[in-house]
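Some questions on a helix and on one residue follow, with answers. Please look at the model first.

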Amino acid sequence: MSATQHRTWQHFHVGHVNITVQLDSTAENHSVERHQELAGAARRLIDTMNAEHLPVTWAVSDPAHSAATSAIIKSSVEHELAILGGANWVGPTAGRTRFARELVRRVAQARCAGLAVTTFVPAVASVEGQIDLVVKQQFTALAGIVASVARAKTEPRALHYQVWEVPVTDKLPLPPTWFGSGKRSLLRRIEQTAREAGTFHLLIDAAALAANARRDDASITWLMNRLATLRNRGLLQVETLRSTAARLSDVPTVSPQRSILRSVA
């Protein structure tokens with residue numbers, strides 16, 4: 001086995017965790033006070049992830065104009081900026097034409113600003129039916145939609161050649177009724193993912209977090225510290241969605257088999 005093949009396959013012996021943060025709200029209108037609360041939640045999340053050296057996919061509506069972009073790209077941690085799709089331009093009510101127009105505009109502005117945007121995070125509806133438009137913009141990773149039923153183990157799947165969807169496994173902040181035991185239950189499931197060398201995709205909603213910052217900030221800080229500890233022990237790997245897509249697309253090249261039957265001259 002070549003060195004390249006060995007390097008590729010050894011990644012599958014540990015669990016993989018993706019952390020995606022929706023930094024913008026998908027609601028269309030905000031008060032000034034609400035906007036300030038959301039900006040504060042974003043700053044605290046960025047500081048927490050940087051302190052634990054956890055690479056994160058930060059989903060914003062417009063990476064070229066987001067107030068958080070500067071802090072993210074200046075970090076020493078290899079974070080990723082992604083485009084967040086809201087209800088006003090993603091989903092059946094928005095239509096294919098509007099989706100295509102908005103996607104092209106946001107991608108073009110981001111790349112003109114020197115931002116390598118290759119991940120799309122639809123917040124309200126799957127874009128699998130419009131995968132051709134996603135492929136055309138050279139995306140390699142998509143976040144799956146949060147399941148509304150009982151949480152199940154989910155693994156990445158190929159939607160198109162070298163375009164991977166990573167379904168969301170769970171979401172933060174937790175419901176208020178789960179506050180006491182929920183974070184420990186969530187950690188146990190991540191530990192199980194590590195033992196089984198599976199994939200766990202955690203979505204953090206910054207807008208929801210801003211509404212209960214005092215309660216939820218402590219839980220997220222606690223959980224990120226535990227994730228960093230598991231990472232440091234070599235039990236799991238934390239990566240961005242872009243890194244996951246690159247790893248999954250980096251399959252070993254299979255050498256053509258040669259027949260043992262040789263022609264006699």
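Buried means under 20% relative accessible area, exposed over 50% and partly exposed in between, with a 1.4 Å probe and protein chains only. Helices (H or I, at least four residues) and strands (E, at least two) are DSSP runs, numbered from the N terminus. This is a predicted model, in which local features need pLDDT of at least 70, side-chain atom pairs count only at pLDDT 80 or more, and totals for chains, interfaces and linings use all residues. Residues are numbered from 1 along each chain as its sequence is written, and side-chain values use heavy atoms, with hydrogens and water left out.

Q: Which residues of H4 are buried, and on which side do they lie?
A: The buried residues are Phe99, Glu102, Leu103, Arg106, Val107 and Ala110. Their arc, taken from the directions from the helix axis to the C-beta atoms, is only 125°, so they lie on the same side of H4.

Q: Which residues are exposed on the other side of H4?
A: An α-helix has 3.6 residues a turn, so residues three or four places apart point the same way. The exposed residues on the other side of H4 are Thr97 and Cys112.

Q: Which residues does Thr244 touch, not counting residues up to four places away in sequence?
A: Thr244 is found in helix H9, residues 241-249, and is buried, with a relative accessible area of 0%. With contact meaning heavy atoms within 4.5 Å, Thr244 touches Asn18, Pro156, Val166 and Glu239.
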